[in-house]
Amino acid sequence: MLRYIKLTLSATALLLTSACSQNELQGEVTVLRLGHTLDTQHSVHKAMEYLGERLDYYSDGTMSVVIYPSSQLGTEREMVELLQIGSLAMTKVSASPLEGFAPEMKIFSIPYIFRDNEHFWRVLNSDLGDELLSGVEDFRLKGLGYYDAGSRSFYTNDKPIETPSDLNGLKIRVLNSPTAVATVRALGGAATPVAWGELYTALQQGVVDGAENNPPSYYLSRHYEIARYYSLDEHTSVPDVMLASLPVWESLNEQQQTWLTKAMEDSVEYQRELWKTSTQASLEKVKAEGVTVITPDKAPFVEAVKPFHKSFEGTPIGDLITQIKAM
């Protein structure tokens, strides 16, 4: 009930500020409000700040971005709902939960389909990557671009993950995505969806035995304080997706849409460079905090998910897997 009241109050406040923005459209400045769940030290937050700077530059000060970080406006799902009703202009979500809106997005939760980072970005920057982004438009959302979220790996409280069999019987937190659940099950774990903002407590109280995420998120969330083993199996590469409210996007004129698109492109390039630095620094910092970082042989993990890959044969997702492997 408390969460519902919080969301309702947030939505009401945003509706009021949205009305103010419509007045500003008639004046000098169009204000776009952006909410997300990440820490302000995260490279994606810094890239969002850069997005605002570039939008201000391209629009000659006639457009601006106001950012609400650290789940101030609710969970990813709640902010997506605010986008759909036009009460929030933009948010960042992980691609995996978007499969509830665009089924093709489940491709990112399928393990070991990208050979390396270069292959991953070749796919995202292709026509196929654009088609995946446009798949959310039927749900009053506009895909603006992809941010780098690296590769997801397992971290656990009490024992290291060196082979898939080490996951047997462990409750592993996953994104709220049926395919993410199926991936962990394919590797032998018991998948348990938990909201990001609730995960620290869930690890602390033993609700889950571990989770999976990229190095910067593992470090900045301070999950390393509880989950002391980090295994770099790099099973999936799930990008972050910047979404805009389709009603808000359509309220912008063509020139404003062009400015926002260019600012987003600059932000993406900026974040990719930040990500490389952040990933290495995060690994060094958790090691300095006494975390055991394991680099397992990936071959047994790849072998373990082959039946999972095969299960998509003859489906649209199977066709996407074939296209991606051929790139």
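Entry 1: Before reading any accessibility, I set my terms: buried means under 20% relative accessible area, exposed means over 50%, and partly exposed is what falls in between. I also noted that I am working from a predicted model.

With that in hand I looked up Tyr50, whose relative accessible area is 23%, so I wrote it down as partly exposed. My count of aromatic pairs came to 13. Among them, Tyr50 and Tyr270 are stacked, with 4.3 Å centre to centre and 25° between the planes. Tyr50 sits in helix α2 (residues 43-58) and Tyr270 in helix α10, so this pair ties together parts that are 220 residues apart in sequence.

**Entry 2: α4 and its rings.** Next I followed the other rings and found a cluster in which ring pairs link Phe108, Phe114, Phe120, Trp121 and Tyr146. Phe120 and Trp121 turned up again when I listed the buried residues of α4, together with His119, Val123 and Leu124. I then asked what the buried residues of α4 pack against. They pack against α5 (127-134), β4 (141-147), α10 and α13 (316-326). At the N-terminal end of α4 I found a cap: a side-chain oxygen of Asp116 lies 3.3 Å from the backbone nitrogen of Glu118.

**Entry 3: pockets.** I turned to open space. The largest pocket holds about 720 Å³. Its lining has 36 residues, and Glu76, Arg173, Leu175, Ala195 and Trp196 lie nearest the centre. I sorted that lining by class and got 14 nonpolar, 12 polar and 10 charged residues. α1 (2-26), α3 (76-84), β3 (90-94) and β6 (171-174) each supply at least two of the lining residues.

The second largest pocket has about 540 Å³.

**Entry 4: Glu212 and the largest cavity.** I counted two cavities of 30 Å³ or more. The largest has about 70 Å³ of space, and its lining includes Arg152, Leu175, Glu212, His235 and Thr236. α6 (178-186) and β9 are the elements that give two or more residues to this lining, and α6 gives the most, with three. By class I got four nonpolar, five polar and two charged residues.

Glu212 made me curious: is it buried or exposed? At 5% relative accessibility, it counts as buried, because the cut-off is under 20%. Glu212 lies in strand β8 (residues 210-213), and its side chain joins that of His235 in a polar contact of 2.8 Å. Beyond its sequence neighbours within four places, Glu212 also has contacts that include Arg152, Tyr155, Arg173 and Leu175.

**Entry 5: the second cavity.** Last, I looked at the second largest cavity, with about 40 Å³ of space. Leu32, Ala89, Met90, Ala244, Ser245, Val248, Trp249, Leu252 and Leu260 line this cavity. I sorted these into eight nonpolar residues, one polar and no charged.

Terms used:
Residues are numbered from 1 along each chain as its sequence is written. This is a predicted model: local features need pLDDT of at least 70, side-chain atom pairs count only at pLDDT 80 or more; totals for chains, interfaces and linings use all residues. Side-chain values use heavy atoms; hydrogens and water are left out. On a 1 Å grid over the protein atoms alone, a cavity is a set of points where a 1.4 Å probe fits but cannot get out, and a pocket is an open set with protein on both sides within 12 Å along at least five of seven lines; lining residues have an atom within 4 Å of a point. Grid points are joined across faces, edges and corners, and a volume is the space filled by probe spheres set on the points. Helices (H or I, at least four residues) and strands (E, at least two) are DSSP runs, numbered from the N terminus. Ala, Val, Leu, Ile, Met, Phe, Trp, Tyr, Cys and Pro count as nonpolar, Asp, Glu, Lys and Arg as charged, and the others, Gly among them, as polar. Buried means under 20% relative accessible area, exposed over 50%, partly exposed in between (1.4 Å probe, protein chains only). A polar contact is a pair of N or O atoms within 3.5 Å; within protein, one must be able to donate a hydrogen and the other to accept it, and residues adjacent in sequence count only if both atoms are side-chain atoms. Contact means heavy atoms within 4.5 Å. Rings of Phe, Tyr and Trp (its six-membered ring) pair if their centres lie within 6.5 Å; planes under 30 degrees apart count as stacked, over 60 as edge-to-face and the rest as tilted.
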